[in-house]
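Work through the exercises below with the coordinates open beside you.

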Amino acid sequence: MRKKNKKIKAGTIITSHVNADFDAIGSMLAAQKLYPDAVIVFPGSQEKSLRDFFISSMSYLFNMADPAMIDFSEVTTLVIVDTRQTNRLTRVAKLLKKKDLFIKIYDHHPPMDGDIKGNVDISKAYGATTTILSEILQEQQILLTPEEATVMALGIYEDTGNFTFSSTTQTDFIQAGFLLACGASLNTIASLVVKEIKAEQVTWLNELLNEMSVHRINGLDVHISTISSPSYIPDLASIVQKIVRMENLDIFFAIVLMGTKINIIARNRIPEVDVGKLMTEIGGGGHAFAASARIDNQTLSQVEMMLLDKLKRDVKSIQVVKKLMSSPAVTIAPHSTCKDAGKIMTRYNVNTLLVVSGKNNSYEGYITRQVVEKVLFHQLDGQLVCEYMNSEIHFVSSGADVAEIELKIIEGKQRIIPVIDDGHLKGVITRTDLLNYLVQHNWEVSQTQSQVSQKHQVKKRQIETLFENRLAPNTKNLLKSISTAGKNFGANLYVVGGFVRDLMLDRKIEDIDLVVEGDGIEFAKFFAGQQGCRVNTHKKFGTAVIIFPDNFKVDVASARLEYYATPAALPIVEKSSIKKDLARRDFTINTLALSLNIDTFGTLIDYFGATRDLKDKTIRTLHNLSFVEDPTRVFRAIKFANRFGFNIGKVTATLIKNAVKIDCFKHLSGLRVLSELKQIFGEDNPIPAIHTMESYGLERVINKQLLITPTTYALFESVNKTLTWHDLLYLDDPYPRWAVYFMALLNRCSHGVCEEICHRLMIPVKEKSLLVEKRYKAENRLALIENAYPLTRQELYWGLINFNTEFILYMMALAKDEAVRKAISNFYTRHRYITPIICGKDLLAMGIKPGPVFTQILNLIINEKLDNKLETLEKEILFASQYAQENKLID
């Protein structure tokens, strides 16, 4: 008779769920480190990559046994990891029926109905169960080999989706770092977790995309794909995850028939849905954001219908418009005055009015109390509401859900959202209404806060990466020095404005602007004293400039609040907070700040949606009276739009038109307009900006009679072509770039108009001479050259040598004849620097008396050199000597 195999006696068994993933494997290995005498019952896995790796590389790490060979009567303790569901523990089903069995559970999934009740239950809402056990091993100082650390790290990487799933926590990152410190191999992890899609998998990816349908369930879009395959599809979960990322899906179910079994892979990114619970109900498992299940003996249609029924039952309806809405809404007509708007707001005690027109109350926008009060403050109470309303139309229907309302109010920074059905205004939802609702539903709020917190940490890490990758070492060191000084000084410090904007856009950073919550001037003096720098201060505005020994400058300002006594006036300044300081700025894209405080160094601060507008490539003002208070912002909006290739937002564009219409520029200092024009004309290619200026009628701000014709634009294009040519060849040859475009602008203007423009813009005498008198000389000289062409080198040289670079370039751009343009170009590149080697001392040594004859001889030498003669000093001396003798200039 065959002898029976001897049963294995074990007091403790470790196991996990069927179809084990890397988290289950890593958790079992970690549990074995806590219970070294335990025996592991491996539940099996569908994933080929996991099975292959387990068999070939890591099975020796486990003390495993077939459950059929274990004497369950001797087992006193069962350790379960990564699940609490009985139906997922089929290999120890008999053991679970044993009385007096001591059960220990380690799991990261949320509790569900029908969970196994453990005597010890260590469950935490981490991204992976391996994280829980790794934390315990670290606390107990249990050593891990590099191989063990690699297996455990695989569990964390896979179950957090390489740290991209919303369920990922700070502890997952910390424990991954701990395992890396223990020697975990990233190469091994990458080869198994970061899976490149294979050629045969592309077919399945495309089929899932082609078969995708969307179902609107209780206000949420649920995407479902149903396909079939005659054989097993390897790494199906990876394909599904790629689709979620490619299509930016919130909820996605892939229902796939493989052979005779149906597999469901579920992914979710919003708190209103728990796919882990759904999959558990049909025999699978997982967590709220990623789960799966296998189903036998049903068709694809049956499974899809069953899934949709469960979703309709379990997904909480969040259509709460009727509960939140106030009706009727308080409204005003677009052609009512702002004074009337203020009276209505006071009468009804509201902060925002909807602007509607016509019998059907057609919604056109809204106007806020803040805007109305500023209009009245500036004594513009007769202005119409339509001139200052916000006309970016956002609204919801009666069937909208909380997610849609929250998106439009909070992320869109809207005070109110009208409710409109079929063009009819039903009511209004305010920001207060929404916040009150969210407070009442604290569970949803806590879930949302958790995700927002995690996203904030990711953004902070990304900003720190930008610091490391995009800043020069000396700039990074300087910011760290400023940070340390801020701590010692006892003030909060931020780098703000263009520095942060350009850092986000990956553009060259040239300036550092600091804001100090406190006394900026005193901090500047404090830091300058440490660094051996000079300081220039401006007490009226609370600003200072730190000047380093190499002349590098850092601008420092106290956090301040500005208000304007009259339109177009310079602001009155008061100390304030960083938020109010950012709120005074011109456009949202310039409201970003980075903390330089020690404990939050590198944290991005964005109160006004700047990152959104950078992503959308849009220039937006912060409030509707921005251009009334400071009309120069109109020019800056155009400058930034041109420089970055951005669009000007719809509301902002309307406000620019209104600023021009009511002539906000009439009290604006000409020097401030000139400064903005210089910056625009100094851009690499200002022509699109000039087009935009003309489209708003801003040329009339410069002069009512100024016309920008197609001929003017043709000259601008020629200037741009000429300057591009010059700047490529002569990088170190400075000239007033703006002046060449300005001369082109004035080219067709009469002398009287030019004088008026110079007077309006308060152009300094020296610059006026450049733009008017010297420009005339350049134009006349060009006319003479064109009329007399062709000219000798000598004639061209003496005709051009006394003109500076900007006039030479202007003449090249203005030249009608290409041959003349080339001749001037040739002078500029080859002949303008021709000078004699010989000097006055040499002439004196020959016995020639000083006087006008010196200049005559030197000019003759230049003429000879222009004809490629007198290549050496000796030849020049010989020429001068012969000339002197022939003309009896030597005694």
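Predicted model: local features only at pLDDT ≥ 70, side-chain atom pairs only at ≥ 80, totals over all residues.

Residues are numbered from 1 along each chain as its sequence is written, and side-chain values use heavy atoms, with hydrogens and water left out.

**Exercise 1. Describe the overall make-up of the protein.**

Solution. Begin with the secondary structure, which comes to 39 helices and 27 strands; helices (H or I, at least four residues) and strands (E, at least two) are DSSP runs, numbered from the N terminus. Next take burial, where buried means under 20% relative accessible area, exposed over 50%, and partly exposed in between, with a 1.4 Å probe and protein chains only. By that criterion, 51% of the 891 residues are buried. Finally, among contacts (heavy atoms within 4.5 Å) with a separation of 6 or more, 67% are between residues 24 or more positions apart.

**Exercise 2. Classify two aromatic pairs by their geometry and locate them in the chain.**

Solution. Rings of Phe, Tyr and Trp (its six-membered ring) pair if their centres lie within 6.5 Å, and planes under 30 degrees apart count as stacked, over 60 as edge-to-face and the rest as tilted. The structure holds 20 such pairs. For Phe489 and Phe526, the ring centres are 5.4 Å apart and the planes stand at 50 degrees, so this pair is tilted. It links distant parts of the chain, since Phe489 lies in helix α19 (residues 473–489) and Phe526 in helix α21 (residues 520–531), 37 residues apart. Phe526 is partly exposed, with a relative accessible area of 28%. For Phe635 and Phe665, centres 6.0 Å apart and planes at 70 degrees make the pair edge-to-face. Phe635 is in helix α25 (residues 632–644), whereas Phe665 is in the loop between α26 (650–661) and α27 (670–681); both residues are buried.

**Exercise 3. Characterise the nonpolar cores.**

Solution. A nonpolar core is a set of buried Ala, Val, Leu, Ile, Met, Phe, Trp, Tyr and Cys residues joined through side-chain atoms within 4.5 Å. The largest core has 140 residues, of which Ile367, Leu698, Phe742 and Leu771 touch the most other members. Helix α31 (residues 737–746) supplies the largest share of this core, nine residues. Leaving aside residues up to four places away in sequence, Phe742 touches Leu674, Leu677, Phe681, Ile757, Leu761 and Leu771. A second, separate core of 40 residues includes Leu61, Val151, Ala176 and Ile189.

**Exercise 4. Trace the sheet that contains β13.**

Solution. Two strands pair if DSSP finds at least two bridges between them. Three strands form an open sheet with mixed pairing, in the order β12-β13-β14. Its edge strands, β12 (331–332) and β14 (362–368), each pair on one side only. Strand β13 (residues 352–357) pairs with β14 in the antiparallel sense over six bridges, and Thr352 has Thr368 in β14 as its bridge partner.
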